[in-house]
There are 2 protein chains.
Amino acid sequence: MEEVAVENKQVIFKGYIERAPRETDMEVRIGTVEVKTPKGSGAFLVKNLYLSCDPYMRGRMRDYHGSYIPPFVPGQPIQGFGVSKVVASDNPDFKPGDLVSGITGWEEYSLIQKPEQLRRVQQDDIPLSFNLGLLGMPGLTAYAGFYEVCSPKKGDYVFVSAASGAVGQLVGQLAKLHGCYVVGSAGTSQKVAKLDKFSIASASSTIIDYLSITLQMMLITQFDIYLTINRYFPEGIDIYFDNVGGDMLDAALLNMRISGRIAVCGMVSLHSLSDPQGIRNLFNLLTKRIRMQGFLQSDYLHLYPKFLEHVINNYRQGNLVYIEDMNEGLESAPAALAGLFSGKNVGKQVIRVAYE
Amino acid sequence: MEEVAVENKQVIFKGYIERAPRETDMEVRIGTVEVKTPKGSGAFLVKNLYLSCDPYMRGRMRDYHGSYIPPFVPGQPIQGFGVSKVVASDNPDFKPGDLVSGITGWEEYSLIQKPEQLRRVQQDDIPLSFNLGLLGMPGLTAYAGFYEVCSPKKGDYVFVSAASGAVGQLVGQLAKLHGCYVVGSAGTSQKVAKLDKFSIASASSTIIDYLSITLQMMLITQFDIYLTINRYFPEGIDIYFDNVGGDMLDAALLNMRISGRIAVCGMVSLHSLSDPQGIRNLFNLLTKRIRMQGFLQSDYLHLYPKFLEHVINNYRQGNLVYIEDMNEGLESAPAALAGLFSGKNVGKQVIRVAYE
């Protein structure tokens with residue numbers, strides 16, 4: 001294949017939006033790519049195997065340059081985490097055949113010009129795609145968020161929202177391993193059924209349903225959510241790992257115990273941008289001396305080796321499971337990304353672009 | 001005066017409310033008190049000299065028993081911090097003539113049945129009434145909130161709301177002494193003028209005016225507040241010491257820097273209870289990794305000796321000033337307490353019941 005231009009299917013970002021992403025905000029296009037790397041560039045070309053759909057990507061679809069990560073470029077492929085195989089390289093550290101994980105493009109082949117955004121990964125007994133979830137950014141988010149932000153103690157009462165999601169499912173299991181009492185909430189009964197697989201006490205989806213709350217504000221009141229959480233936490237919550245924000249956060253605040261901790265993770269940002277309702281129960285921070293802390297996994301990259309060891313050991317010992325929602329083919333990517341924001345995925349959303 | 005019943009003017013709590021206190025929620029009544037203490041009771045009788053008006057007292061006027069402090073009893077005198085002189089005692093630790101500070105009643109004479117709620121104080125070069133402010137609960141709130149909750153560093157950009165109030169005026173001065181850049185906001189130009197006395201850079205009251213915001217929501221938008229704060233903090237805020245909540249908190253969130261800290265103190269609770277608007281900008285907690293922490297000074301009582309030493313030394317060296325708003329006579333107390341919630345007081349609100 002040396003020095004040959006081949007077809008390259010791509011998922012193109014059409015333009016900036018302010019609302020939640022839709023399938024039509026992206027289009028699949030056939031481009032071409034030269035299967036070679038410019039001499040002296042240090043670049044390498046990869047064939048993408050798996051691509052990751054993550055909620056933070058919505059932030060990159062806004063025309064806003066003040067965030068911790070720049071927006072996507074209209075007319076160019078979506079960027080995101082992926083697992084890829086090197087097919088040509090001008091970089092001595094990456095040889096053809098190497099497997100890599102990190103930031104790549106939503107396309108069949110990507111020319112990687114920032115090698116520092118990827119690391120080499122091994123093919124072993126752990127599925128390669130887990131580099132996008134359990135062993136990747138969502139995994140480190142769960143690990144750093146739980147151990148570093150939540151200050152957990154054995155016996156703590158822990159509540160996790162979006163508990164079958166990419167981050168939530170690991171938080172729940174880590175808390176369980178730590179000796180905490182854990183209850184998770186999820187948006188559908190299908191998701192709640194998955195929680196049972198982790199042996200996490202699962203809240204009924206008929207009332208604790210963060211998606212319904214967003215879509216049917218008038219049907220499910222915050223007080224209903226309060227009461228349901230209260231049924232599972234009659235003595236209150238020590239740790240709330242918040243993946244959703246909005247009414248669930250407000251209801252959790254009412255259920256917090258004295259000296260409680262709230263880790264603010266993920267989608268709280270998204271709700272707030274478009275939701276005309278604000279958070280009303282912050283007075284609980286005062287009366288209950290609660291610490292509420294936002295965090296990004298990128299501030300905890302120094303913990304990466306320790307995190308990997310902990311998670312891999314527990315996975316191999318059968319103490320952890322990890323659920324993926326695997327879509328087949330690059331064509332399925334726009335709908336999969338949009339689906340995150342209406343709760344379509346059950347488990348970590350991944351796209352298989354090519355078989356290993 | 002032994003064993004004589006004397007007239008005892010009292011401020012009676014009429015009944016529970018959900019809104020901000022009004023003068024008419026209390027009434028001044030003439031009762032009687034026996035100037036003796038029951039044998040074997042350990043109680044003592046005090047003549048009240050100064051009484052304190054504090055925002056937390058609004059919480060005790062609600063029929064809500066789940067808080068950290070029980071509600072007032074309708075038909076009985078208001079309870080609060082005071083400075084008093086012992087006039088009769090069955091308690092070996094408190095002798096007639098002793099000066100005490102702690103929880104007493106809003107009346108001329110109070111029978112103290114919980115001696116553990118008061119401590120003996122000295123008459124020295126520091127005004128006795130300062131035991132209710134600079135050396136009392138508001139002072140410890142400022143000290144613990146700033147040093148323990150805000151994790152201040154020299155050079156930090158510090159924003160304090162209600163900066164001429166009982167707590168805020170000390171926070172601003174402590175931050176200044178710590179080598180921080182400090183800007184305070186206050187509700188009227190008269191208050192802002194007082195801030196200059198502390199050499200705190202004061203924000204213009206014409207726009208940053210938390211009282212106007214509450215009362216004239218449509219006239220002063222959150223965006224105006226955002227822009228004004230931004231003018232004083234072009235590089236953003238490291239520490240926001242929040243005494244007001246509401247729109248000021250929301251606008252401050254937009255102005256926070258990465259790794260910022262927000263101490264949640266005082267009136268955030270009160271706004272939230274009646275304000276239909278919630279806090280909308282919490283997504284900044286995530287993107288900027290902000291820690292937001294509620295606290296109560298009562299969790300830091302172990303720091304009391306260290307706090308007193310720090311504040312008294314700095315006061316004697318002329319590094320600290322403390323502004324009181326002194327009302328004369330028990331009759332003025334209901335209006336003074338109600339006035340806190342419309343921002344009438346300039347500095348710490350105190351009632352002089354009797355001359356020392």
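Predicted model: local features only at pLDDT ≥ 70, side-chain atom pairs only at ≥ 80, totals over all residues.
Residues are numbered from 1 along each chain as its sequence is written, chains are lettered from A in the order in which they are written, and side-chain values use heavy atoms, with hydrogens and water left out.

The contact draws 28 residues from chain B and 28 residues from chain A, where contact means heavy atoms within 4.5 Å. Across this interface there are 6 residue pairs in polar contact, both residues being at pLDDT 80 or more; a polar contact is a pair of N or O atoms within 3.5 Å, of which, within protein, one must be able to donate a hydrogen and the other to accept it, and residues adjacent in sequence count only if both atoms are side-chain atoms. The side of chain B that touches chain A is made up of 16 nonpolar, 8 polar and 4 charged residues, with Ala, Val, Leu, Ile, Met, Phe, Trp, Tyr, Cys and Pro counted as nonpolar, Asp, Glu, Lys and Arg as charged, and the others, Gly among them, as polar.

Chain B and chain A also share 2 salt bridges, a salt bridge being a side-chain nitrogen of Lys or Arg within 4 Å of a carboxyl oxygen of Asp or Glu. Asp299(A) forms a salt bridge with Arg289(B), with 2.7 Å between the closest N and O atoms. The elements of chain B that give two or more residues to the side touching chain A are helix H7 (268-274), helix H8 (283-287) and strand E13 (291-294); helices (H or I, at least four residues) and strands (E, at least two) are DSSP runs, numbered from the N terminus.

Chain A itself contains 10 helices and 15 strands. Of its 356 residues, 59% count as buried, where buried means under 20% relative accessible area, exposed over 50% and partly exposed in between (1.4 Å probe, protein chains only). Among the contacts in chain A with a separation of 6 or more, 70% come from residues 24 or more positions apart.

Over all chains, the structure holds 24 salt bridges. In one of them, Asp54(A) meets Lys348(A), the closest N and O atoms lying 2.7 Å apart. This pair links distant parts of the chain, 294 residues apart, with Asp54(A) in the loop between strand E3 (44-52) and strand E4 (79-89) and Lys348(A) in strand E15 (residues 348-352). Both Asp54(A) and Lys348(A) are buried.

A further salt bridge joins Asp125(A) and Arg316(A), again with the closest N and O atoms 2.7 Å apart. Because Asp125(A) lies in the loop between strand E7 (118-120) and helix H1 (137-149), and Arg316(A) in helix H9 (residues 304-316), the pair ties together parts that are 191 residues apart in sequence. Arg316(A) counts as partly exposed, at 47% relative accessibility, and a network of salt bridges links Asp124(A), Asp125(A) and Arg316(A).

The loop between strand E8 (157-160) and helix H2 (168-177) of chain A holds Ser161(A), which counts as buried because its relative accessibility is 0%. The side chains of Ser161(A) and Tyr240(A) are joined by a polar contact of 2.9 Å. Leaving aside neighbours within four places in sequence, the residues in contact with Ser161(A) include Ser185(A), Asp242(A) and Met248(A). Ala162(A) lies in this loop between E8 and H2 as well and is buried, with a relative accessible area of 12%.

Most residues other than glycine have a negative phi. The phi of Ala162(A), however, is near 50 degrees, a positive value, and that of Ser259(A), also positive, is near 65 degrees. Ser259(A) is placed in strand E12 (residues 256-264) of chain A and counts as partly exposed, at 43% relative accessibility.
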